[in-house]
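Subject: Handover of a structure

Dear colleague,

Please find the structure below for your records.

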Amino acid sequence: MKNSILKVINPILAILLINQVLMGILHDLLPRKVFEVMHEGGGGLFAIAAVVHVLLNWNWIKVSFF
């Protein structure tokens, strides 16, 4: 079950990361409203996905770092 969720979360996390980078690079070229939705909304989703990713990998993190 955990691996199935990670197979979905990991690509989503990658796409959201790319979105954040592109919004940072293209912020001057985009209309303000588009930037706000994509950057702020994407940032919130990225944070949620990152927390889920860490929680699902917590046992590996404990073994590897603690």
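**Findings**

V21 lies in helix α1, which covers residues 2–26. Please note that the model is a predicted one. With a relative accessible area of 46%, V21 counts as partly exposed. Together with L17, I18, L22 and I25, V21 makes a nonpolar surface patch of about 470 Å².

Helix α1 is also the place of N19. In contrast to V21, which is partly exposed at 46%, N19 is buried, its relative accessible area being 13%. Which residues does N19 touch, not counting those up to four places away in sequence? They are M38 and G42.

**Overall form**

The chain contains three helices and zero strands, and from the N terminus on its elements follow the order α-α-α. The radius of gyration of the chain is 15 Å, well over the 11 Å that the globule rule gives for 66 residues, so the chain is more spread out than a compact globule. Taken along the principal axes, the box filled by the C-alpha atoms is roughly 45 × 25 × 15 Å.

Of the 66 residues, 20% count as buried, N19 being one that is buried. The accessible surface of the chain amounts to about 5,100 Å², and 74% of this surface belongs to carbon and sulfur atoms. As for contacts between residues at least 6 apart in sequence, 58% join residues that are at least 24 apart.

How many salt bridges does the structure hold? There are two, and they link R32, K33 and E36 in a network.

- R32 and E36 form a salt bridge in which the closest N and O atoms are 3.3 Å apart. Both residues lie in helix α2 (residues 32–56), four residues apart, which is about one turn of the helix.
- K33 and E36 meet through their side chains in a salt bridge of 3.9 Å, N to O. These two residues of helix α2 are three residues apart, and about one helical turn separates E36 from K33.

E36, at 23% relative accessibility, counts as partly exposed.

**Aromatic pairs**

A pair of aromatic rings is described by the distance of the centres and the angle of the planes. A search of the whole structure finds two such pairs.

In one of them, the ring centres of W58 and F66 are 6.0 Å apart and the planes stand at 45°, so the pair is tilted. W58 is partly exposed, with a relative accessible area of 38%, whereas F66 is exposed, with 71%.

The other pair is formed by W60 and F65: the ring centres are 5.9 Å apart and the planes stand at 85°, so the pair is edge-to-face. The angle of 85° is over the 60 degrees above which planes count as edge-to-face. Both partners of this pair are exposed: W60 has a relative accessibility of 54%, and F65 has a relative accessible area of 58%.

With kind regards

Definitions and conventions
Residues numbered from 1 in each chain as written. Predicted model: local features only at pLDDT ≥ 70, side-chain atom pairs only at ≥ 80, totals over all residues. Heavy atoms only, no water. Rg over C-alpha atoms; globule rule 2.2 N^0.38 Å. Buried < 20%, exposed > 50% of the residue type's maximum accessible area, 1.4 Å probe, protein only. Contact = heavy atoms within 4.5 Å. Areas by Shrake-Rupley, 256 points an atom, 1.4 Å probe, with all protein chains shown as cover. Phe/Tyr/Trp six-rings, centres within 6.5 Å; stacked < 30°, edge-to-face > 60°. Patch = residues over 30% accessible without salt bridge, like charges linked within 9 Å, V, L, I, M, F, W, Y side chains within 5 Å. Salt bridge = Lys/Arg side-chain N within 4 Å of Asp/Glu carboxyl O.
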